[in-house]
Amino acid sequence: QVFPVSEKLYIGLTGLASDVLSLRQLLAFRSNMYKLREHREMKPEAFSALVSTMLYEKRYVRSHILNPFTWSILSIRCVSRFYSFGPWFCEPVIAGLDAENKPFLSGMDLIGAPVFTDDFVVCGTCTSNLHGTCEALYRKDMEPEGLFEVLSQCLLASMDRDALSGWGAVVHIM
């Protein structure tokens with residue numbers, strides 16, 4: 001799903017639906033707090049750094065079920081051993097325009113390791129299909145109509161080969 005952050009900034013989130021919605025709400029909160037504190041919109045680079053650090057933050061998941069008797073005996077230090085690191089199950093793609101209206105693209109894995117590129121970023125269930133199709137059809141400095149056509153063909157061709165990708169696509173133009 002693609003969510004607008006501002007007029008010139010979008011984030012696409014793939015992954016576990018509950019994590020996508022939770023992360024979207026948390027990102028909206030942090031973005032709004034930034035606007036209130038700084039009195040300006042967040043730059044794509046800053047938003048990418050925010051998403052990366054949020055994905056890398058520790059998110060604890062109980063790995064053992066403890067009964068109430070055990071909770072009363074164990075100290076906080078001992079209880080922390082029963083928790084383990086678990087990431088948000090989301091792969092974000094961030095697309096935006098900077099102050100000079102130059103495109104910004106960033107993609108991340110589950111723990112927030114960013115990839116910055118000038119041409120294209122892919123994520124989701126049909127990543128391998130999208131890589132091949134995009135590498136074959138994309139050329140630098142394409143006209144807007146040609147770029148739209150290439151993007152549409154890449155999405156449709158890749159989704160036809162992957163049953164988990166859903167049916168149909170939406171292209172957002174900035």
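Me: Let's start with the strands. Which residue in β5 does Leu9 stand opposite?

Reply: Leu9 stands opposite Gly96 in β5. Bear in mind that this is a predicted model.

Me: Okay. How many bridges join β2 to β5, and do the strands run parallel or antiparallel?

Reply: There are 7 bridges between them, and the strands run antiparallel. Strand β2 covers residues 9–15, and β5 covers residues 90–97.

Me: And what about β5 and β6, how many bridges there?

Reply: 5 bridges join β5 to β6, which is residues 103–108, and these two run antiparallel. One of the partner pairs is Leu97 with Pro103 in β6.

Me: How many residues sit between the strands in the hairpin of β5 and β6?

Reply: 5 residues. Asn101 in that hairpin takes a positive phi near 60 degrees.

Me: Switching to charges. How many salt bridges does the structure hold?

Reply: It holds 3 salt bridges. In general, side chains of opposite charge can pair when their charged atoms come close.

Me: Which residue forms a salt bridge with Arg30?

Reply: That's Glu57, and the closest N and O atoms are 3.9 Å apart. The pair links distant parts of the chain, 27 residues apart: Arg30 is in helix α1 (residues 17–38), while Glu57 is in the loop between α2 (44–56) and β3 (60–62).

Me: How does Glu57 count for accessibility, buried or exposed or something in between?

Reply: Glu57 counts as partly exposed, at 38% relative accessibility. Arg30 is partly exposed too, with a relative accessible area of 28%.

Me: Got it. Which residue does Lys35 form a salt bridge with?

Reply: Lys35 goes with Glu41, and their closest N and O atoms are 3.8 Å apart. Lys35 is partly exposed, with 25% relative accessible area, and Glu41 counts as partly exposed at 42%.

Me: What does Arg40 meet in a salt bridge?

Reply: Arg40 meets the side chain of Glu38, with 3.7 Å from N to O. Arg40 has a relative accessible area of 40%, so it's partly exposed. Glu38 counts as partly exposed at 36%.

Me: New topic: rings. How many aromatic pairs are there?

Reply: The count comes to 2. In one of them, the rings of Phe104 and Phe116 have their centres 5.9 Å apart.

Me: Where do Phe104 and Phe116 lie?

Reply: Phe104 lies in strand β6 and Phe116 in strand β7 (residues 114–117), so the pair ties together parts that are 12 residues apart in sequence.

Me: Is Phe104 buried or exposed?

Reply: Phe104 counts as buried, at 11% relative accessibility. Phe116, on the other hand, counts as exposed at 55%.

Me: And what about the rings of Phe120 and Tyr138?

Reply: Their centres are 5.9 Å apart and their planes are at 70 degrees, so that pair is edge-to-face. Phe120 is in the loop between β7 and α5 (127–137), and Tyr138 is in the loop between α5 and α6 (144–160). The pair links distant parts of the chain, 18 residues apart.

Me: Last one: are Phe120 and Tyr138 buried or exposed?

Reply: Both Phe120 and Tyr138 are buried.

Conventions
Residues numbered from 1 in each chain as written. Predicted model: local features only at pLDDT ≥ 70, side-chain atom pairs only at ≥ 80, totals over all residues. Heavy atoms only, no water. Pairing = 2+ DSSP bridges. Helix = DSSP H or I, 4+ residues; strand = E, 2+ residues; numbered from the N terminus. Salt bridge = Lys/Arg side-chain N within 4 Å of Asp/Glu carboxyl O. Buried < 20%, exposed > 50% of the residue type's maximum accessible area, 1.4 Å probe, protein only. Phe/Tyr/Trp six-rings, centres within 6.5 Å; stacked < 30°, edge-to-face > 60°.
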